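Hello,

Here is the structure I promised to pass on. Please look it over first, then read my notes below.

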Amino acid sequence: MNRIIRITAALALTVGLATGTLAAQGAAISGEVKKIDEGAGKITLKHGPAKSLGMDEPMTMVYRVKDPALLKQVKVGDKVTFDAEEAASGYTVTKMEKAK
């Protein structure tokens, strides 16, 4: 019985840590649209710290977009929240919506 309790506790701790890691990776980044290049499938975003990407300082960067339809939902000057991932080809916005 004691062994079952220890195994259950270890499993709960593992699931909790994994969930926290996934939440940190998927943390939305706040930013502002500075430029849109639909032809190249890229967007320039001025944003605050992006902890999920290892960026501790605010900056302005050019990102690729995973889905070109994202570019049609925003215009220059819009405040947005977005998720991005790092790939061999650079940083890619995977999700984006206008800030509320």
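**Hairpin, strands and an aromatic cluster**

This is a predicted model. I start with the hairpin of S1 and S2. Four residues sit between its strands, and Gly-41 there takes a positive phi near 70°.

Strand S1 covers residues 29–37 and strand S2 residues 42–47; they pair in the antiparallel sense over six bridges. Asp-37 has Lys-42 in S2 as its bridge partner. S2 also pairs with strand S3 (residues 59–65), in the antiparallel sense and over six bridges. Here Lys-42 stands opposite Arg-64 in S3.

Now the rings. There are two aromatic pairs. Tyr-63 and Phe-82 have ring centres 5.5 Å apart and planes at 70°, so this pair is edge-to-face. Tyr-63 lies in strand S3 and Phe-82 in strand S4 (residues 79–87), so the pair ties together parts 19 residues apart in sequence. Tyr-63 is buried, at 0% relative accessible area. Phe-82 is buried too, at 1% relative accessibility.

Tyr-63 also forms an edge-to-face pair with Tyr-91, at 6.3 Å centre to centre and 65° between the planes. Tyr-91 lies in strand S5, so this pair ties together parts 28 residues apart in sequence. The ring pairs link Tyr-63, Phe-82 and Tyr-91 into a cluster.

What else does Tyr-91 contact, leaving aside its neighbours within four places in sequence? Its contacts include Leu-53, Met-55, Met-61, Arg-64, Glu-85 and Glu-86. The C-alpha atoms of Tyr-91 and Arg-64 are separated by 6.4 Å, though the two are 27 residues apart along the chain.

Best wishes

Technical notes: Residues numbered from 1 in each chain as written. Predicted model: local features only at pLDDT ≥ 70, side-chain atom pairs only at ≥ 80, totals over all residues. Heavy atoms only, no water. Contact = heavy atoms within 4.5 Å. Pairing = 2+ DSSP bridges. Helix = DSSP H or I, 4+ residues; strand = E, 2+ residues; numbered from the N terminus. Phe/Tyr/Trp six-rings, centres within 6.5 Å; stacked < 30°, edge-to-face > 60°. Buried < 20%, exposed > 50% of the residue type's maximum accessible area, 1.4 Å probe, protein only.
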